[in-house]
Amino acid sequence: MREFIIAGNWKMNKDLSEVRSFISEVADGLKTKDMKGITAIVAPAFPFLGVSYEGLSDSPLKLSAQDVSMHEKGAFTGEVSALMLESISMPYCIIGHSERRSYHAEDDALIREKLLALASVGITPILCIGESLEERDSGDTEDVIISQLEGCLKDVNIYSDKDLVIAYEPVWAIGTGRTASGEQAQEVHALIRRWLEERYSAELSKKISIIYGGSMKPENIEGLISKPDIDGGLIGGASLEAASFLKMIDSAIKIRNG
Ligand code: PGA
């Protein structure tokens with residue numbers, strides 16, 4: 001069975017004390033939950049990865065970085081390398097988020113380099129793809145998704161679910177309060193899975209978690225993750241409160257247990 005992933009993308013939010021109290025509240029809340037088949041992840045900003053890691057102790061909560069440099073090391077002021085993340089045992093890293101694509105002009109070729117940098121140290125990339133409103137309205141969603149997949153995964157070998165998580169995040173749904181319906185998201189997730197099957201294999205396509213992102217919250221999560229190809233969520237705004245994050249984990253447990 002595929003892993004369900006509930007991942008909080010905190011973006012540029014929370015200071016040290018807020019990070020500490022979230023981590024301890026969620027680690028506490030998870031103690032009594034049956035997390036079989038479910039991976040809960042939070043992605044704090046770079047300065048707080050270390051302190052978050054220390055706060056986890058034996059909690060099943062996992063961490064993700066929000067970005068990584070394509071470079072291995074050297075004179076790249078402000079950048080953080082995959083090797084640095086690996087040295088603090090980071091299991092996941094988000095790449096290709098639409099905010100990086102639009103505010104930092106990241107394209108598929110660059111995102112592919114980041115993916116390879118992560119692969120070289122065994123960190124699982126959470127690769128974000130998604131169409132803009134204009135692209136959806138002009139009927140180009142399918143072409144955009146396929147071209148992002150082809151660009152980011154060009155000549156990239158994927159052997160197991162540890163090598164890739166895909167986050168389908170329609171840009172028009174991110175931070176807007178406008179969510180894709182379960183049907184709209186399922187359609188794109190099924191397309192991604194078919195692409196994985198053709199590009200890699202049927203076996204692999206069944207193992208890769210494809211999560212949805214874009215104004216997901218406790219009120220709408222079940223309508224999305226109950227769809228056959230939606231394996232969880234990458235959640236921004238609604239992941240900032242521990243209670244809301246824990247509620248979404250409860251929804252994942254409920255759906256997982258049928
Ligand atoms: P949102 O953000 O849940 O606030 O829409 C999701 C994301 O950007 O990953």
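The ligand takes up the space of the second largest pocket. The model is a predicted one. Start at this pocket and look at what surrounds the ligand.

The shell holds 13 residues. Those that come nearest are Lys11, His97, Glu169, Gly175 and Ser215. By class, four residues of the shell are nonpolar, seven are polar and two are charged.

The side chain of Lys11 places an N or O atom 2.7 Å from an oxygen atom of the ligand. Gly175 uses its backbone instead: an N or O atom there lies 2.6 Å from a ligand oxygen. Gly236 also takes part through its backbone, with a polar atom 2.8 Å from an oxygen atom of the ligand. How much of the ligand does the protein cover? On its own, the ligand has 280 Å² of accessible area, and the protein covers 95% of that.

Next, leave the ligand and look at the aromatic rings. The structure contains four aromatic pairs. One of the residue pairs to find is Phe22 with Phe245. Their ring centres are 5.7 Å apart and their planes meet at 55°, so the pair counts as tilted. Where in the chain do Phe22 and Phe245 sit? Phe22 belongs to helix α1, residues 16-30, while Phe245 belongs to helix α11, residues 242-256. The two are 223 residues apart, and their pairing links distant parts of the chain.

How values were computed
Residues numbered from 1 in each chain as written. Predicted model: local features only at pLDDT ≥ 70, side-chain atom pairs only at ≥ 80, totals over all residues. Heavy atoms only, no water. Near = heavy atom within 4 Å. Polar contact = N/O pair within 3.5 Å; in protein donor to acceptor, adjacent residues only side chain to side chain. Areas by Shrake-Rupley, 256 points an atom, 1.4 Å probe, with all protein chains shown as cover. 1 Å grid on protein atoms, 1.4 Å probe; cavity = no way out; pocket = protein on both sides within 12 Å on 5 of 7 lines; lining within 4 Å. Sits in = over half its atoms within 2 Å of the grid points. Nonpolar A, V, L, I, M, F, W, Y, C, P; charged D, E, K, R; others polar. Phe/Tyr/Trp six-rings, centres within 6.5 Å; stacked < 30°, edge-to-face > 60°. Helix = DSSP H or I, 4+ residues; strand = E, 2+ residues; numbered from the N terminus.
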